[in-house]
Amino acid sequence: MADGAGLLARWTRPESRSRRVLLAAFVYLVCAGVYAAVAGPDRLVRHTQYNHYALLADAWIHGRQFLAGGPPSYAMNNDFVDFQGKTYISFPPLPAMLMLPFVKLSGSAENFRDGQFILWLAGLAPAILFLVLEKLRRTGRAPRTQRENLVLALLFAFGSVYFFTAVEGTVWFAAMVVAAAASALYVLFALDAERPLLAGAMIGCLYLSRPTAILMALLFALEAIRVAMSPDRKVDVRAVARRYVLFALPILVAFAFVAWTNWTRYGRASPFYFDHEFLSVAWRARMSRWGMVNYHYLAKNLGVSLTSLPWLPTPDGAAAFGAPFKVNEHGLALWFTTPLYFWLLWPKRFDGEPARRWLYVVAALSAALPAAMDLLYQNSGWRQFGYRFSNDYAVLLFVMLAVGARPMRWLFASAAAWGVAWNLFGAITFDRGQFDRFYFRDGSQTIVYQPD
C-alpha cells in the first residue's frame, strides 16, 4: 500500500510530465464518456447512414478507388462523385486511412461502426488542447493556472460547436473530429518551432482531412523566425531554412498522395481537391457558376456565422409553430453558441510581456486565414446546429483565450454556462428525428433568416 501511495505521489507531483499526462487522460475519459452517453445506442451499435469513409476504406481493401456497386441505397446518393460511370468518395481521405484496419477486421463497411469509432477519437482534441495550454503556462506565455487550463479544455469540448460535431459521426463531421485532434497536435509541436517534422506531419494530416486548415501553417512559419532571432533582431536564416525544410517534407508527401489519387481517379495529377466539381447535387449550378470559393458567398456566410439566431413563433401562430423556438439548419451564430469568444476582443494588456503579445497576434492571424477561406466557400455549413466550420481553427481561439488572460469571474462563468447549455441542447437534438420540431430545414439552402 505504501509503495502504491508513493508511486501515485510521484505520478501526480506538481509540474511533473506524468501529472500533465494523467490530467490529459482524465479530460479524454470525461469527454469520451459524455460523448458516448449523449450519442446513444444508435451511434454505438450501428454504422451511420453516411459512412463514406468506411466505404472508401473498404474500396481500398479491395484494390479500388471507386465503389464497385455504386453508392449504397441507405446513403441516398448524398455527396458521391459520378465520373465516367464510376462512383467515388468526394472527401479528403485521412479518416478513411484511420478506419482502414478496423474495416478490414470487420469484414465490410456495413459491419464497421464508424460513428462509434469517431466517438472514441473525439476526446483526443480536448485532451491535447489541455497539453497545449499547459505548455503555454510552463513557458510563461499564458498566465493561467493548471485548473484554469482544465476548465478551458473542457469548455472547448462542451461549450463550443465541437460538442454536436463530436456526437454526429457522419462523414462531414467525422473529418472535423479528426482535424481537430491534428490541429491541437500541430499547435503543440509548432509552438517555439520545437518539432518541425511533426508539426509538418500534422499540417499534412490537416490537408488530408480539412484542407482549409492547412493555412494555420503561418503559426509555425512565424514561430520559426522568432526563435531564430537574436536579441539585436538579426535572424539566423540558416536555422529558419532548416526548420522550414523539415516542416515542408511531410506536407509535400500529403500533396503527392492527393495528386496520385486524382490521377488514378480522374486522370489529372493535381495536388488540389476538385472532386466536388463532379457532385450530382441540387446546388451544383451555383458551383458551376461561381466556383467553389468566391467573394459571392461571403455575405451569406457572414450572415450565418455572425447573425443567425433562433426563430421565435409569432403571437398568433405559436400553436402551429410546434416548438418554443426553431434553429435554422444553416446554424446558429458563432458568438451565440460560444459567447466566450467575446473575450477574444479584450485581452488583458500586454505591458512588459512581448512574448505573450506576439503569440496572441500570431494565433489570431493563423486562425483568420482558414476562417476567411471558410467564409468564401460555397456552403455555409448546412446542415448544422452551429457554425461547424469554426472547428477548423477553434483550437487557436482557445489558445487566444488562455493567452488573453482575462480573469474567469462571474461574467465569464455565465457565458461558459450559456455555451455549455446551448451546445448540450444541440448535441442531444440535432439530427435526431424525435426533435425535428426544433429545426427548420430548407433543402434549397436559400432561406437564411426567418420569413416576415
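Is Cys 31 buried or exposed? In this predicted model, Cys 31 is buried, its relative accessible area being 0%. Cys 205, by contrast, counts as partly exposed, at 21% relative accessibility, because the buried class requires a value under 20%. A search of the whole structure returns 0 disulfides.

The largest nonpolar core comprises 132 residues. Within this core, the members that touch the most others are Tyr 35, Tyr 162, Tyr 186, Val 187 and Phe 385. Which helix supplies the largest share of the core? That is α10, spanning residues 171-190, with 17 residues. A further core of 11 residues lies apart from the largest one, and its members include Val 81, Tyr 88, Phe 278 and Val 281.

Setting aside neighbours within four places in sequence, Tyr 186 contacts Ala 199, Met 202, Ile 203, Met 216, Ala 217, Leu 218, Leu 219, Phe 220 and Phe 247.

Finally, the helix pair. Helix α7, residues 124-138, and helix α19, residues 394-404, have axes that come within 10 Å and cross at roughly 35°. The crossing is right-handed. On the α7 side, the contact is formed by Leu 129, Val 132, Leu 133 and Leu 136; α19 contributes Val 395, Phe 398, Val 399, Ala 402 and Val 403. How do the residues of this contact divide between nonpolar, polar and charged? There are 9 nonpolar residues, no polar ones and no charged ones.

Thank you for your attention.

Notes:
Residues are numbered from 1 along each chain as its sequence is written. This is a predicted model: local features need pLDDT of at least 70, side-chain atom pairs count only at pLDDT 80 or more; totals for chains, interfaces and linings use all residues. Side-chain values use heavy atoms; hydrogens and water are left out. A nonpolar core is a set of buried Ala, Val, Leu, Ile, Met, Phe, Trp, Tyr and Cys residues joined through side-chain atoms within 4.5 Å. Buried means under 20% relative accessible area, exposed over 50%, partly exposed in between (1.4 Å probe, protein chains only). Helices (H or I, at least four residues) and strands (E, at least two) are DSSP runs, numbered from the N terminus. Contact means heavy atoms within 4.5 Å. Axes are lines fitted to C-alpha atoms, for helices over the stretch in contact, and angles run from 0 to 180 degrees between N-to-C directions. A crossing is left-handed if the near helix is turned anticlockwise from the far one by less than a right angle, and right-handed if clockwise. Ala, Val, Leu, Ile, Met, Phe, Trp, Tyr, Cys and Pro count as nonpolar, Asp, Glu, Lys and Arg as charged, and the others, Gly among them, as polar. A disulfide is a pair of cysteine sulfur atoms within 2.5 Å.
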